[in-house]
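Trainee: I would like to learn how to read some features of this structure. Please take them one at a time.

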Amino acid sequence: MNFPFVAIVGQEELKTALMLNVVDPGIGGLLIAGEKGTAKSTAVRALADLLPEQTVVHECRFYCDPEGELCSLCRERIEQSELETSRKKMKVVELPLGITEDRLIGTLDIEHALKYGEKRFEPGLLADANRNFLYVDEVNLLEDHIIDLLLDSAAMGINTVEREGISFTHPARFILVGSMNPEEGELRPQLLDRFGLSVGVTGLHDKTQRMAVLQRKAAFDENPAAFCARWENEQNALRQRIVNARDGLPHIEVTDPVLEKIVAITAAMHLDGHRPDIVMMKAARALTALRGQKSIGNQEIHDAAIFALPHRQKRLPFEERGGRDKLLKVLEDCLG
């Protein structure tokens with residue numbers, strides 16, 4: 001049983017950034033950087049209880065979207081008859097640090113194929129993660145070849161396994177969430193840029209908040225079911241808020257004045273490529289939907305920049321990554 005998301009004390013930026021990726025999975029995931037014991041893993045695991053249902057191909061092991069990319073099996077099925085659909089709740093899939101390549105991408109049973117003339121594919125974690133959250137704790141400690149596989153899948157949105165001339169493909173469009181302690185090493189730039197948003201978390205210093213952390217943790221450990229029941233109304237209200245935001249997202253227009261402000265900010269920050277602009281646009285739109293507003297305002301653009309830009313800032317030697325001073329000055333100049 002997970003600790004209730006709404007019972008987590010403080011860490012509002014972390015909770016908001018996670019919810020934005022539920023409202024719009026196209027934002028591109030989240031990197032959470034902070035010291036140990038700051039509710040990073042607790043928040044990600046707690047998110048699972050708030051995730052909505054989505055339409056999938058009935059009995060498909062890869063959660064295929066009937067209106068989107070299909071796995072090899074679903075493509076064979078659709079040639080024979082119309083695909084049946086069902087509803088499945090999104091979930092959080094955890095990727096362990098010591099994972100092997102086969103466990104990540106899956107394996108093909110060549111002996112079975114040669115003997116019976118049919119493919120038999122054993123799915124890996126990327127199959128479970130399709131259209132779901134893929135969570136990597138201590139992501140900065142992942143082995144390089146596993147990072148390369150994740151980068152390939154994130155870029156293509158497809159996982160292909162080939163052996164002895166036999167191949168199997170399935171969609172692998174996951175929402176990547178990674179947490180790390182910067183003191184234990186940095187992240188490769190190629191993977192860092194793949195995270196749509198980033199947040200930095202620290203321990204709470206307010207005595208009242210620290211007391212609340214202890215009280216809630218003790219109550220949860222003593223009787224998890226009773227503790228979760230106390231927060232169920234607030235959990236349900238937040239679930240509905242997320243559903244409403246997802247439904248309202250397509251109706252929020254991104255106007256030219258909004259785009260001009262976003263471009264002014266990213267240009268002033270001298271950022272590489274156009275991904276920062278795109279992520280800012282998506283985040284501002286999702287924030288607007290989550291806040292129940294009809295149009296994107298300066299506050300949404302400001303907050304989107306705080307989530308989307310710090311981990312993309314260029315830095316000088318010995319300069320801390322993610323410093324906000326320059327970003328805040330640019331936001332003040334561009335937004336007033």
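Trainee: Where is the place of Thr288?
Mentor: Helices (H or I, at least four residues) and strands (E, at least two) are DSSP runs, numbered from the N terminus. Thr288 is in helix H13. This is a predicted model, where local features need pLDDT of at least 70 and side-chain atom pairs count only at pLDDT 80 or more, while totals for chains, interfaces and linings use all residues. Residues are numbered from 1 along each chain as its sequence is written, and side-chain values use heavy atoms, leaving out hydrogens and water.

Trainee: Is Thr288 buried or exposed?
Mentor: Buried means under 20% relative accessible area, exposed over 50%, and partly exposed in between (1.4 Å probe, protein chains only). Thr288 has a relative accessible area of 0%, so Thr288 is buried.

Trainee: Which residues is Thr288 in contact with, leaving aside neighbours within four places in sequence?
Mentor: Contact means heavy atoms within 4.5 Å. On that basis Thr288 is in contact with Ile252, Gln293, Lys294, Ser295, Ile296 and Glu300, its neighbours within four places in sequence being left aside.

Trainee: Which elements give two or more residues to the lining of the second largest pocket?
Mentor: On a 1 Å grid over the protein atoms alone, a pocket is an open set of points where a 1.4 Å probe fits, with protein on both sides within 12 Å along at least five of seven lines; lining residues have an atom within 4 Å of a point. The second largest pocket is lined by 26 residues, and Pro25, Gly26, Gly28, Ala154 and Phe174 lie nearest its centre. Helix H7 (144–156), strand E10 (175–180) and H13 each give two or more residues to this lining. H13 gives the most, with 4 residues.

Trainee: How many aromatic pairs are there?
Mentor: Rings of Phe, Tyr and Trp (its six-membered ring) pair if their centres lie within 6.5 Å; planes under 30 degrees apart count as stacked, over 60 as edge-to-face and the rest as tilted. The count comes to 4 aromatic pairs. One of them joins Phe3 and Phe220, with centres 5.2 Å apart and planes at 65°, so this pair is edge-to-face. Phe3 lies in the segment before helix H1 (12–23) and Phe220 in helix H9 (residues 207–222), so the pair ties together parts that are 217 residues apart in sequence. Both Phe3 and Phe220 are buried. Phe227 and Trp231 form a tilted pair, 6.2 Å centre to centre with 50° between the planes.

Trainee: Which residues do ring pairs link into a cluster?
Mentor: The cluster holds Phe3, Phe220, Phe227 and Trp231.
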